[in-house]
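Take a look at the chain below. Follow it from one end to the other, then read on.

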Amino acid sequence: MSICGEEIRRLESELENTNADMELYKKKSENIIKFLNDLYEGIDEYYTETLERSDELAIVRTKTELDLVKKILDEIDKI
């Protein structure tokens, strides 16, 4: 077997491993985004309830939580 053939097989193996890693990271990324979207929805529901109660401190805290989750999602989109 030639050195060139061995190198090609090694590179093909590395490519397969890289593709598998990319699929794993893609799945993990999708799970993180789903979690953050679910979290955002839950906080948003609480925010709506808080607005109805007119609890100023809770409104500010909940709005900050919404902004933080939104910023994390925006940063993930940049990746």
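This is a predicted model: local features need pLDDT of at least 70, side-chain atom pairs count only at pLDDT 80 or more; totals for chains, interfaces and linings use all residues.

Residues are numbered from 1 along each chain as its sequence is written, and side-chain values use heavy atoms, with hydrogens and water left out.

Start with helix H1, residues 3-53. Helices here are DSSP runs of H or I with at least four residues, numbered from the N terminus. H1 has 51 residues. From its first C-alpha to its last, H1 reaches 74 Å, close to the 75 Å expected at 1.5 Å a residue. The expected span is 1.5 Å times one less than the number of residues.

Next comes the loop. Ser54 lies in the loop between H1 and H2. Its phi is positive, about 60°, although Ser54 is not a glycine. Why point this out? Most residues other than glycine have a negative phi.

Helix H2 covers residues 56-78. H2 has 23 residues and reaches 33 Å from first C-alpha to last, close to the expected 33 Å.

How do the helices meet? H1 and H2 pack at an angle of about 160°, with their axes 9 Å apart. Axes are lines fitted to C-alpha atoms, for helices over the stretch in contact, and angles run from 0 to 180 degrees between N-to-C directions. That angle makes H1 roughly antiparallel to H2 (the term is used for angles over 145 degrees). H1 passes H2 in a left-handed crossing, meaning that the near helix is turned anticlockwise from the far one by less than a right angle. The residues of this contact divide into 16 nonpolar, four polar and six charged. Ala, Val, Leu, Ile, Met, Phe, Trp, Tyr, Cys and Pro count as nonpolar, Asp, Glu, Lys and Arg as charged, and the others, Gly among them, as polar.

Now look for buried residues (under 20% relative accessible area, with a 1.4 Å probe and protein chains only; exposed is over 50%, partly exposed in between). In H1, they include Leu36, Ile43 and Tyr47. H2 is part of what covers the buried residues of H1. In H2, Ala58, Leu66 and Val69 are among the buried ones. The buried residues of H2 pack against H1.

Thr62 is found in H2. Thr62 is buried, with a relative accessible area of 0%. It touches Ile43, Tyr46, Tyr47 and Thr50, not counting residues up to four places away in sequence; contact means heavy atoms within 4.5 Å. Ser29 is found in H1. Ser29 is partly exposed, at 29%.

How values were computed
Helices (H or I, at least four residues) and strands (E, at least two) are DSSP runs, numbered from the N terminus. Angles under 35 degrees count as roughly parallel, over 145 as roughly antiparallel, 65 to 115 as roughly perpendicular and the rest as oblique.
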